[in-house]
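Here are my notes for your first look through this model. Keep the structure open beside you and check each point as you go.

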Amino acid sequence: MRKRWKKLGAVCVATAMCAGLLAGCGSSESSSDSGKKTISIWFPAYAGTDAEVSDQEFWEEQLEPLEKEENCNFDVQILPWSNYEEKYLSGVTSGNGPDIGYMSMEMMGDYIAKDLLADMGSYFNDEEKDNYIYYDYGTIDGKQYALPFIAGNARILIGNKAILEKAGVTQMPTTWDELVSACQAIQKTSPDVKPFDMALGGAWGNVDENFLPFFWSAGGELLDEDGNVNIDTEEGREAMQFLYDLRFTHNFIDESATSNDDARIDFEAGKTGFMILATSNCLNLEGVDWDWTTALAGPDGEAKTFFAADSLVLFDKCEDKDLAMKAIKHLSSADVMSEFHKQITEQPPITKDEEYSGDERFKELYTTENDNFKTLTPFNSAVSLLTKVNENLQSMMMGEMKPEEVLKNAQDYYNENLASE
Amino acid sequence: MVQGYIYILPSLFFMVCFCLLPIFMSTYFSFTDYDIMTKADFVGVDNYSKIFSDKYIIDALKNTFVYVIVTVPIQTFLALVFAAFLADRMQNIVGNFLRSAMFIPVIASSVTAGAIWRTIFGTDGGIVNSILGIFGIDGLNWLGSSKTALICVCVVAIWKNVGYFLVIYYAGIMGLSPELYEAARVDGATSIQQFFKITMPMLKPINYLVITLGIIWSFQVFDLSYTMTNGGPGRSTVTLVMGIYNAAFKEYRMGYACAMAILLLIIILIINVVENVFFKEKEETAR
């Protein structure tokens, strides 16, 4: 009797283990569920931990009217920012990717190169195109692969007013030379303060503050006229030399920058004179009175800074592109976006029919045409190239790489391993 | 007999699906140019020949070897010494508590551990530099310098692993016959002599296990390096597994990543074979 129970127990355990294994092999939700079409949408997380409404709740509420109107389902998934690109890659390559996605310009190039994204151009009439302020940022190789959705978050130069006043700096610098002079003044009057700080210890995304504004202001371009990556230019080397000099010639940047992944902390504590920061992060600074300027002009007078143009994209595998485009237009409409900017994250409007509701300090920045703004043109393996640039920049700031090697090294790596044939 | 096979069938299925099959698939893809999104093209041994001329991977290999050479001996030694001490002097409630406390880092999430130690090693206001400051010593840029960043990662790895190996050694020491120690004491052997003449030789099989596991885990290091320094500053803490991860999921070079993974497998196999031969020789010499 006992033996029989043992056998039965063994069979039950074995069955339970098999069932557990096979449960993980279940197929994903079908795109048609009881006759209703389902469109999947992946968004990043924007709402803060103390927000009244979560990203998930917000988007589901905004899509509800369209769901009723079109008798469909929108399956919204919110992805955290950590390993965002890897999650997209896993999803798309396993066949479980979204119909509508949210991508940065850096991410997009590889998906465009693999023909995974659809051209949305034919779905917009001229009036609609004109209404989208940043429509042209999403036109790549003559096709509309992206619709800029969260545009703005420009990287601006901010200065601690108290430190600047003590140093006798009455105006924010607007050129590289003025920055050097202001930092020298800070060094004399506040020796315990870091004249300039950079968060060099972070991931590749920090190049938006640490590299691109200087690179572009020196006249550098990531791509040449033929659309090939070409960063190892005289202008690029000039920018690297300027950053090198900030660190080693003038000693404006402390050695701790290479382990720092958030320069805001010291800025808020009054330990930093200047830093470059995204406008959305500036609005969260506490306990410090700051001034700002959009961009620093380089040696040839060009003043450029990074401007984000994160976009909605339509995946080619989407079975009902008409419905997906209705969702994209609805999500990017003035009604939805103004609620998004009020409830979730303060960002500038993306359509002309939306009123600016953000911080007054940046109203002019985002409501008038601005020649200082520059965004990335998507290209193959952009994230990997910028990762190499970030690594080499860290090495340079530790004194282990010469300025002229930073971009050459990254360019050589790209040409040998990442450039498409 | 059939029932026995039925009973092990789920585990066998699991092992085939999640261990053997991925090895075979990785081996196949290592001979292809595969970017995950499109079909794989056969390229022969191109991926393997590229590894040895890729200075980024050479840097990662060097970092990994340094990590293994620093971490494995220290964690093995510390685990053995602590276990011997606890077994000899602390067989009481305090000893039990210490054993449990030292096991906590083992079960702590690597992500959490990495984040906490990042704060501890912080240049401005970090605990280590604050303590050094009390003694009038200038703090270092622990995680921002290529000279110290990898050592910091090793320190955290040792902190995290010692508890696990301590438990294994403790169990081994407690299994040794107390009569051996009694006899040694009667003959006038000191504690240290007992440790080296009795404990160490008797723990050979456990040493083999601890060192083998330590080497395998150390070659597979990724999480601590990723969370503490993200491979930086520069490339001073990039490990081979990070190189594999970056090649596969950031650069979409899955074929190349598979070649590196197979190389890692071969390296670990060679080291374990050498270790096996070394331990067997020692055993035969002892007989």
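This is a predicted model: local features need pLDDT of at least 70, side-chain atom pairs count only at pLDDT 80 or more; totals for chains, interfaces and linings use all residues.

1. Where does Thr174(A) sit? Thr174(A) is found in the loop of chain A between α6 (161-167) and α7 (176-189). Now find Trp292(A). Thr174(A) and Trp292(A) are 118 residues apart in sequence. In space, their C-alpha atoms are 9.7 Å apart.

2. Compare that with another pair. Pro65(A) lies in helix α2 of chain A, which covers residues 55-70. Pro65(A) is partly exposed, with a relative accessible area of 46%. Pro65(A) and Lys6(A) are 59 residues apart along the chain. Their C-alpha atoms are separated by 58 Å. Look at both pairs on screen before you move on.

3. Step back to chain A as a whole. How many helices and strands are there in chain A? There are 17 helices and 14 strands. The C-alpha atoms fill a box of roughly 90 × 65 × 50 Å along the principal axes. Chain A has 421 residues, and 55% of them count as buried.

4. Helix α16 of chain A deserves a close look. This helix runs over residues 382-397, 16 residues in total. From first C-alpha to last, α16 of chain A reaches 22 Å. That is close to the 22 Å expected at 1.5 Å a residue. Is α16(A) enclosed or open? 16 of its 16 residues are buried, so α16(A) is largely enclosed by the rest of the structure. Just after α16(A) comes Gly399(A), with a positive phi of about 80 degrees.

5. Next, the cysteines. A disulfide is a covalent bond between the sulfur atoms of two cysteines. Cys282(A) is in no disulfide either, its nearest cysteine sulfur being that of Cys183(A). Cys183(A) counts as buried, at 0% relative accessibility. Cys282(A) is buried too, with a relative accessible area of 1%.

6. Charged pairs are another matter. Side chains of opposite charge can pair when their charged atoms come close. Over all chains, a search of the whole structure finds 29 salt bridges. One of them joins Lys250(B) and Glu86(A), at 3.0 Å from N to O. This pair crosses between chains. Lys250(B) is in helix α12 of chain B (residues 240-250), and Glu86(A) is in helix α3 of chain A (residues 84-93). Lys250(B) counts as buried, at 16% relative accessibility. Glu86(A) is also buried, at 6%.

7. Asp130(A) and Lys352(A) meet at 3.3 Å, N to O. Asp130(A) lies in helix α5 (residues 126-131) and Lys352(A) in the loop between α14 (334-343) and α15 (363-367), so the pair ties together parts that are 222 residues apart in sequence. Lys352(A) is exposed, with a relative accessible area of 53%. The other pair is Lys194(A) and Asp266(A), with the closest N and O atoms 2.5 Å apart.

8. Which residues does it link? Lys388(A) and Glu391(A) belong to it, with Asp59(B), Arg235(B), Glu251(B) and Arg253(B).

9. Finish with a helix pair in chain B. Two packed helices are described by the angle between their axes and the distance between the axes. The axes of helix α8 (residues 178-186) and helix α9 (residues 191-202) of chain B come within 11 Å. They cross at roughly 160 degrees. That makes α8(B) roughly antiparallel to α9(B). Is the crossing of α8(B) and α9(B) left-handed or right-handed? The crossing is right-handed.

Terms used: Residues are numbered from 1 along each chain as its sequence is written. Chains are lettered from A and ligands numbered from 1 in the order in which they are written. Side-chain values use heavy atoms; hydrogens and water are left out. Helices (H or I, at least four residues) and strands (E, at least two) are DSSP runs, numbered from the N terminus. The expected span of a helix is 1.5 Å times one less than its number of residues. Buried means under 20% relative accessible area, exposed over 50%, partly exposed in between (1.4 Å probe, protein chains only). A disulfide is a pair of cysteine sulfur atoms within 2.5 Å. A salt bridge is a side-chain nitrogen of Lys or Arg within 4 Å of a carboxyl oxygen of Asp or Glu. Axes are lines fitted to C-alpha atoms, for helices over the stretch in contact, and angles run from 0 to 180 degrees between N-to-C directions. Angles under 35 degrees count as roughly parallel, over 145 as roughly antiparallel, 65 to 115 as roughly perpendicular and the rest as oblique. A crossing is left-handed if the near helix is turned anticlockwise from the far one by less than a right angle, and right-handed if clockwise.
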